[in-house]
Amino acid sequence: MAQAQGQAQGATSTLPPFTKKLLRWSFAIGIVPPVVLVVALVSKSVLLLDYVHVITGGTWTGFDLYMGLVMSQILRSLEVPARVEIAKRLTPTTFFIIPSLASTAITSGIYLAQDFGKFDLHSVWIMAAGVVVLILVAQGFGVFLPNGVRIFLELAKAKPDPGLISKLTIRNVRLAASQAVFQVIIILIMAHLAIY
Amino acid sequence: MTSLNTDALVAVVAFAGALLLVFGLLYRMAARSVARGELSPEGVMILRWALVGYLAIFAVLAVTSFLS
């Protein structure tokens, strides 16, 4: 009976008013890296291409390190309601930015390796980079992204489960720590490729 | 002279394919929640806009494979 009434009335969204604003901000920042990559390729500027790759890769790595080493400790020290308040703001703000940084860093890396004649799929170092990238992408699309969307969906429910939101946020932050380890490994591979 | 960069296009299509797969599963889950009256339609609407935003980013990246 109560369920039928709920369906008839429709569930009420509990999404905070700032969510859409933060999502728009995230998209406005997230669209910049691929657009600058287009500019680098159209202008045939290897310097700009290198810059796009380094800044997107570096920012992606820095974000993972920050989330894994700093935010994880902050979130652990907070009560569940405070974690939920952070999740409400952190999820929409990073929603487009992180996948855009990751995708642009990887795509520009392919162009750069080709430009420098290092994109040899039989090279152990290129294969190692490919494996690490696959792990990072699988984690990103397989865990980070679905968790972020699930947080949104939970927030849009009439009765959001704060425990679930907190759990998903902590899971993403912990995953960022493991991503940070792979980021450190891939930077080692990149440093080798740049010198040899 | 520009030509198609297959390696880059394969990478972008793989990203977009993985994204569509994940979004498809989440959309189905969200649509069921709306049908049960647990989730407001706003949740599904945000999911649609999020998909449009991601597709825009990947479309720009896909364009780059024709520019190198």
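A residue is called buried when its relative accessible area is under 20%, exposed when that area is over 50%, and partly exposed in between, using a 1.4 Å probe and protein chains only. Please keep in mind that this is a predicted model, in which local features need pLDDT of at least 70, side-chain atom pairs count only at pLDDT 80 or more, and totals for chains, interfaces and linings use all residues. Residues are numbered from 1 along each chain as its sequence is written, chains are lettered from A and ligands numbered from 1 in the order in which they are written, and side-chain values use heavy atoms, leaving out hydrogens and water.

By that definition Phe95(A) is buried, at a relative accessible area of 6%. Its ring pairs edge-to-face with that of Phe96(A), at 5.3 Å centre to centre and 90 degrees between the planes. Rings of Phe, Tyr and Trp (its six-membered ring) count as a pair if their centres lie within 6.5 Å; planes under 30 degrees apart are stacked, over 60 edge-to-face and the rest tilted.

Over all chains, a search of the whole structure finds eight aromatic pairs. One of them joins Phe27(A) and Phe96(A), again edge-to-face, with 5.5 Å between centres and 80 degrees between planes. This pair links distant parts of the chain, 69 residues apart: Phe27(A) sits in helix H2 (residues 18–30) of chain A, and Phe96(A) in the loop between helix H5 (80–94) and helix H6 (97–115) of chain A. Helices here are DSSP runs (H or I, at least four residues), as are strands (E, at least two), numbered from the N terminus. Phe96(A) is buried at 4% relative accessibility, whereas Phe27(A) is partly exposed at 26%. Together with Phe95(A), Phe23(B) and Tyr54(B), these two form one aromatic cluster.

Now for the core. A nonpolar core is a set of buried Ala, Val, Leu, Ile, Met, Phe, Trp, Tyr and Cys residues joined through side-chain atoms within 4.5 Å. The largest one has 71 residues, and those with the most contacts inside it include Phe95(A) and Phe23(B). H7(A) gives the most to this core, with 14 residues. Phe23(B) touches residues of both chains, among them Phe95(A), Leu145(A) and Leu47(B), where contact means heavy atoms within 4.5 Å.

Conventions: Lists of a residue's contacts leave out its neighbours within four places in sequence.
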